Each structure stands twice: as structure tokens, then as C-alpha cells.
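Thank you all for coming.

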Amino acid sequence: VIAGERVLLRARRESDRPYARRWFADPETTRWLRPPYPRGEDAYEVSAEPVSFASVLLTVDDAATGTPIGTAGLLDASPEHRRARAFVTIGDAAFRGRGYGADTLRTLCRFAFESMNLAKVELAAPADDARAVALSERLGFVREVRRRGALWVDGAWRDEHLMGLLPAELR
Amino acid sequence: MAPGDAEAQHRWLNDPAVARYPIARAAVAGRLAGAGTMSFANPRFSLESDGTLVGYAVLRDVTPESRHAELDLLVDAAGLVTEAARAVCAFAFGTVGLHRVSVWVRASETALLAAYEAAGFVREGVAKDRLYRGGRWHDCVLLGRLVTDAP
């Protein structure tokens, strides 16, 4: 278990699936997620393999109650470039806008640097997803690349920020 | 791409400036044999100039919803990058139906950056320390070209 201030990041388990089904049934959760298709319980990837450098797929628990509230992880970790792509989704609406997402992302990045020995964490945020952009900037992420027209969401082409974080920049 | 391209590809891919790990001729040949037919998800070309094989181009990670692809382009002869990139984009936009093609270039490779810009690509930003090679970190520039950009 990776402990934040108010969240615990842990390996996923089968019993997370009913929670995941509710998270991904909420349009607020899925609006920016690609691909855009409805997800059933089976779509929540619970691997038989242990969490490893190549695949960090976690469930986020509210530390106070032990309730699963979302999902987080690091994808496409490259051992040579020592870089990975982070994602965080707080799926339980009751826990949004209260700092759980920031605590999750900060805890995840700290783990990436301090335990996985990564040198950079990247994050893709839709330019129109103001909350995701502001949250990652508050933590020290820098808007490095604006990928023009990289996303098709709600019937329009939208830009995507590629955000980057180096270890010394994490706040 | 065809199995006959293995010899040249093997030579290029063993240039330390191009690839990190040495690769055996058999591995290159095996990859070419398994490349399959061209399709929406798998557009790949060998590039010829005056009948000589000069490089290859692969459009990676093509997704139908975002109609985007990332370009891997290797050209043996200097001065052909612009023309090759233009030709690949014409196919990507006109035949595959893509909306966007992007390519990563090291920030220090100014001639290469200029070659892509001459082909209509736009610099979209610099990612710091994105690549580790030759004992140090390199910044990388992402260049993107949209079907709606000026040719």
C-alpha cells in the first residue's frame, strides 16, 4: 500500500469491480476518457500479475473509511528514459473537488520518483478540462506541448496538453 | 515494406545514432515478414529514391476516433525528409483519412526540425529531458500537422 495523506493506493482486487461499474457509469467521470465506449464491470482491469514497473494499475481508497473511490496508475514506463504516464480518476462524486485527486496524484508521483526511480512523469490533460490542468499545475506539472486537435470529444476537435513533471518540481 | 528491404533496414538500425540496441539481421527479416498487409491500423512504407531504398515510414498508434497517428520516419539520405514527410502526410490525410500526424524530434536537431516545418509541420512544444541517449538527457520537440493546416 502506498499511503498519501487522505488516500491509500493499493493493488486492485476483484471486489473493486462493483465500485468501478458505478464510477464509469457517471458521465462526469467518462466525459474526457478515451476510448469513449460504455464500460462494464469486466472492463476494470484486475490483473493476476503483481503490480510491477511495467504496469502500475491501482485502486484509490479513502484512507479514513477504506472505501474505494477511484483509480490511478502509471502506464508505458520506459526503463531507459525513466519516464511514465500518470492517470488519476476519482470516480466517486462525493470525493471530487475536495483534494483527493491532488493527494492521489502527488502520492503517485512521489512513488514514481522515490521508489520506481523514474526521472519524469508525464500526464495528458485535455486543454478544455480546466480542473485537470489546474490540479496538475498546482502539483508542479508544466504544460510542455499543446497537441492541437488531438482529441475528438462532444463533436469537436480539442487540444490536449502534454504535461511534464521532474522530481525537483513536485510540490 | 517487403522482405527484400531487410538488408538495408538492418544496416540503418545498427547505426548507434538511430537505434539503442543492436539488432540481428534475422530479427529485422522476421519483423518484415510479420509486418502483415497495409491497413488503417498498419500503414507502413519503404521509401525509394531513383530506384534505391532510402528509408522507411511507419504511422503508429492510429486511432479511428481521434484519427491521429504518430510518424516514425527514417531517411538515409539528407535532404529527403521534407519530401518523404509530405508524401506520407498526403497518404495519411487523403487515403487513410487521418486528421492529424505528429512526430517527435530532438530539440538539438535543428536541420531536421526545419525539414519537418518545410513539410507543413508546426512546433507544438518542447518536452524537457524526454529522451536518454549517449549518457545524457535530451529535450524533444513535438511537431504536428493537421489536415486543415496550410500545405
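**The interface and its salt bridges**

Let me begin with the contact itself, where 21 residues of chain A are in contact with 25 residues of chain B, contact meaning heavy atoms within 4.5 Å. Please keep in mind that this is a predicted model, in which local features need pLDDT of at least 70 and side-chain atom pairs count only at pLDDT 80 or more, while totals for chains, interfaces and linings use all residues. Residues are numbered from 1 along each chain as its sequence is written, chains are lettered from A and ligands numbered from 1 in the order in which they are written, and side-chain values use heavy atoms, with hydrogens and water left out.

The area buried between chain A and chain B is about 2000 Å², with carbon and sulfur atoms giving 50% of that; buried area here is the accessible area (1.4 Å probe) that two parts lose on being put together, summed over both.

How many salt bridges are there between chain A and chain B? The count is three, a salt bridge being a side-chain nitrogen of Lys or Arg within 4 Å of a carboxyl oxygen of Asp or Glu. In one salt bridge, B:Glu124 pairs with A:Arg148, and their closest N and O atoms are 2.8 Å apart. These two residues also belong to a network of salt bridges that links A:Arg148, B:Arg100, B:Glu124 and B:Asp149.

Turning to charged pairs within a chain, I would point out that a search of the whole structure finds 21 salt bridges over all chains. A:Asp154 forms a salt bridge with A:Arg31, with the closest N and O atoms 2.9 Å apart. This pair links distant parts of the chain, 123 residues apart, since A:Asp154 lies in the loop between E7 and E8 of chain A and A:Arg31 in the loop between helix H2 (27–30) and strand E3 (56–62) of chain A; helices (H or I, at least four residues) and strands (E, at least two) are DSSP runs, numbered from the N terminus. A:Asp154 is exposed, at 57% relative accessible area, whereas A:Arg31 is partly exposed at 37%, where buried means under 20%, exposed over 50% and partly exposed in between (1.4 Å probe, protein chains only).

Finally, in chain B, the side chains of B:Asp61 and B:Arg60 meet in a salt bridge (3.3 Å, N to O). Here B:Asp61 is exposed at 53%, and B:Arg60 is partly exposed at 29%.
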